[in-house]
Amino acid sequence: MNILRLRAYCYPENVAASAMAEDIDAEYVRRGIVCINYTPMPSRGVSDEVRRKYKKIKYEEFHDGHVIVHRFPMIKEGTNIVQKSLKYLLCTIVEYFKGIKAKGIDLMLCSSTPPTQGMLTALVAKRLSRKYGRKVPFVYNLQDIFPDSLVGTGMTRQGSLLWKIGRRMEDYIYRSADRIIVISEDFKRNIMAKGVPEEKIVVVPNWADTDGIYLIEREDNVLFDRYGLSRDKFYICYSGTIGHTQNMDLLLDVAKEINGELKDVRFVVIGEGAAKAEVERRIKDEAIDNVTLLPFQPYADIASVFSLGDVGLIISKPNVGSNSVPSKTWSYMAAEKPILASFDRNSALSSLIASTGCGIVAEAGNKEELIEAIHKMVADPQLTEKGKLGKNYLVTELDKEKCVKRFVDTLVEAVEENL
């Protein structure tokens, strides 16, 4: 069985679901599946040295040839919406013509970020089906619901031209997909309300790498020495995309306000993204000296990353929670870290934290509630126990092997139904 993926990003670019992708690749090997990827040369969150290196690398094989990566030249991704849109447009054109020339493809798989990839994959799947004289099914891995997420972050409004275009794209992708893998029951309800038949939808929660992510005690954590961090402070750690959905302005506002009263509290932000330059500017211009900004770390150090903080932070703008489930939640749990969430209260994440007792939720966008929650966590003698509750939930309820198997089963079933 051969899977074709047209990807906007690929290793060595750092993306939120990299660890889960490795788990899926390992399952491909076990089942004898080959995944063929077309992707531009890396540009997101990588150095110029890495880009120069990959100018010469057009083809790679991983996992004993079960994962094949074809790379093509592409402009560097910029930080503003115009530059990003130009790169996505150029990638879409190149990947379309490469995709329709592919041979021996049994299935097309696509993730929902960026949303243009879903439209592209649907079109290529239809073209290949006509070319082969047989159905090439398309499975859509829905990690972010567009354009709902743009409305939630205030980037557009319901009924706007952008929203209407987004809804047309969304409807086309859902109609074209043979299976839609969603990460929660909330996502399932959302797209069923938009007319997607229930039999098309498979719920596969995001999972954590409980083998690779585990608690590393502070004295053994290499990141403290690598970046000169004092082991005597109380750390609130955020790791992930530094984008516009994540409310980095609120994080910096809170850091400034508590700097005088909670002198031992430090924020560490690890990641890359479209809002990183603005975060760097504010830290410098406003002398916010209790926030440390670090780049994405090598996967080999992922356990150290999620073990770094006394608390793991999840933060987003209001009205985003129903349309995204941060995968970092499971990584914090795997590292036995209590969760501090600045998140919508009517979300699955908030319900999870309340039911497991693994942390505290402050209403998204509410500075006073977030500051109060930080005070509670700093003073909480049971903080370590909250982290253990999260780990226990993860181990008992979200078994990695079961989730990975269900994900790949869905791909296989989509192919078998069209034989």
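Contact here means heavy atoms within 4.5 Å. On that basis, 74% of the contacts in the protein with a separation of 6 or more join residues 24 or more positions apart. The model is predicted.

The secondary structure comprises 16 helices and 14 strands. The C-alpha trace spans about 70 × 45 × 45 Å along its principal axes. A compact globule of 419 residues would have a radius of gyration near 22 Å, and the protein, at 21 Å, agrees with this. Of the 419 residues, 55% are buried.

Two helix pairs were examined. Angles under 35 degrees count as roughly parallel. The crossing of α3 past α4 is right-handed. On the α3 side, the contact involves Y88, T92, E95, Y96 and G99. These residues meet T116, Q117, L120, L123, V124, R127 and L128 of α4. By class, the residues of this contact are six nonpolar, four polar and two charged.

The second pair consists of α9 (residues 248–258) and α14 (residues 367–379). Their axes come within 10 Å and cross at roughly 55°. The two helices are therefore oblique to each other. Helix α9 also passes α14 in a right-handed crossing. Helix α9 contributes L250, D253, V254, E257 and I258 to the contact. Helix α14 contributes K367, L370, I371 and I374. Six residues of the contact between α9 and α14 are nonpolar and three are charged, with no polar residue.

One loop position was also examined. E217 is placed in the loop between β8 (201–203) and α8 (222–226). Is E217 buried, partly exposed or exposed? Buried means under 20% relative accessible area, and exposed means over 50%. E217 has a relative accessible area of 41%, so this residue is partly exposed. In sequence, E217 and A335 are 118 residues apart. In space, the C-alpha atoms of E217 and A335 are 9.9 Å apart.

Definitions and conventions: Residues numbered from 1 in each chain as written. Predicted model: local features only at pLDDT ≥ 70, side-chain atom pairs only at ≥ 80, totals over all residues. Heavy atoms only, no water. Axes fitted to C-alpha atoms, helices over the stretch in contact; angles between N-to-C directions. Helix = DSSP H or I, 4+ residues; strand = E, 2+ residues; numbered from the N terminus. Parallel < 35°, antiparallel > 145°, perpendicular 65-115°, else oblique. Left-handed = near helix turned anticlockwise from the far one by under 90°. Nonpolar A, V, L, I, M, F, W, Y, C, P; charged D, E, K, R; others polar. Rg over C-alpha atoms; globule rule 2.2 N^0.38 Å. Buried < 20%, exposed > 50% of the residue type's maximum accessible area, 1.4 Å probe, protein only.
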